[in-house]
Amino acid sequence: MSTREPQAGDAAAPMLSLLPTIGGGPAPERADAARNRRKILDAAARIVAEDGPEAVTMNQVAHASGIGVGTVYRRFGDVSQLLWALLDDRERQFQEAYMSGPPPLGPGAPAAERLDAFLDALVDRVGEQREILLAAHSAAPRARYLSGAYRVMHTHVALLIGQLRPGADATLLAHLLLAPFSPDVIHHLTVEQELPSDRLKAGIRELLTLRG
């Protein structure tokens, strides 16, 4: 899998996984296998959203997806691998949306609109997967910054900042702008402080205009 980071003018950035693809090999999936994988991941996502990652079991996912439990085990191995595959899947969808999807999140909108749309989408993305991301962050706090997913996000934000503020230290500013999206920060704000996502989005936009 390519690890080249996106450059300005790229039509579509490479998709970088959080982890190697579960069940990995480059061979394309059969159509029925791809459909089953989609059903399993969607079922796991619903369970996580409703009851948290600790509620996920292979039997429950099999029941919710309508796929045989043996197939679920053969495809993903165990719950841990299934949860990592779910994170990887959601990250790929997110990357596709901001690198090649419709504007304003994707190409075709002014840089300021794209940056606002990206930050709004990132609030939703981290919020949706907060518990799994928090567990991964707690196990390896620095892993976030070494992942391909973070590198792609950072490069994307830096490119937008460079378009908005030519001559600015876009590389540093992108890191600082992404810092509040660490899972532990989002957990503190949304769970411990009970702030709704709309308030987080408004606060981030206000922060960007403080020195207007």
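This note goes through the predicted model point by point, from its confidence to single residues.

1. Basis of the model. Because this is a predicted model, local features are reported only at a pLDDT of at least 70 and side-chain atom pairs only at pLDDT 80 or more, whereas totals for chains, interfaces and linings use all residues. Residues are numbered from 1 along each chain as its sequence is written, and side-chain values use heavy atoms, with hydrogens and water left out.

2. Confidence. The pLDDT (the predictor's confidence in each residue, from 0 to 100) averages 85 over the chain, and 86% of the residues score at least 70. Over residues 1-26 the pLDDT is below 50, although this stretch has 50 contacts in the model beyond near neighbours in sequence; contact here means heavy atoms within 4.5 Å. Confidence is lowest in helix H6 (residues 130-139), with a mean of 80, and highest in helix H9 (residues 170-178), at 97.

3. Overall make-up. The chain has 11 helices and 0 strands, where helices (H or I, at least four residues) and strands (E, at least two) are DSSP runs numbered from the N terminus. Of the 212 residues of the chain, 42% count as buried, a term that stands for under 20% relative accessible area, with exposed meaning over 50% and partly exposed in between (1.4 Å probe, protein chains only). Among contacts between residues at least 6 apart in sequence, 65% join residues at least 24 apart.

4. Leaving aside neighbours within four places in sequence, phenylalanine 118 is in contact with Phe94, Tyr98, Leu105, Met153, His156, Val157 and Leu178.

5. Packing of H2 on H3. Helix H2 (residues 58-65) and helix H3 (residues 69-76) have axes that come within 8 Å and cross at roughly 115°; the axes are lines fitted to C-alpha atoms, for helices over the stretch in contact, and angles run from 0 to 180 degrees between N-to-C directions. From H2, the residues Met58, Asn59, Val61 and Ala62 meet Val69, Val72, Tyr73 and Phe76 of H3. By class, this contact has 7 nonpolar, 1 polar and no charged residues, with Ala, Val, Leu, Ile, Met, Phe, Trp, Tyr, Cys and Pro counted as nonpolar, Asp, Glu, Lys and Arg as charged, and the others, Gly among them, as polar.

6. Helix H6 and leucine 133. The buried residues of H6 are Arg130, Ile132, Leu133, Leu134 and His137, and they pack against helix H1 (31-51), helix H4 (79-100), H5 and helix H10 (183-192). Leucine 133 has a relative accessible area of 17% and is therefore classed as buried. Not counting residues up to four places away in sequence, leucine 133 touches Leu87, Val126 and Pro183. The C-alpha atoms of leucine 133 and arginine 144, which are 11 residues apart along the chain, are separated by 9.2 Å.

7. Arginine 37 lies in helix H1 and, with a relative accessible area of 15%, is buried. Its contacts, not counting residues up to four places away in sequence, are Glu29, Arg75, Phe76 and Asp89.

8. Threonine 155. Helix H8 (residues 148-164) is the place of threonine 155, which is buried at a relative accessible area of 11%. Threonine 155 and alanine 174 are 19 residues apart in sequence and 7.8 Å apart in space, C-alpha to C-alpha.

9. Backbone points to check by eye. The peptide bond from proline 103 to proline 104 is cis, with omega near 5°, and proline 104 lies in the loop between H4 and H5. Glutamate 194 has a phi near 55°, a positive value in a residue other than glycine. Glutamate 194 is found in the loop between H10 and helix H11 (197-208) and is exposed, with a relative accessible area of 64%.
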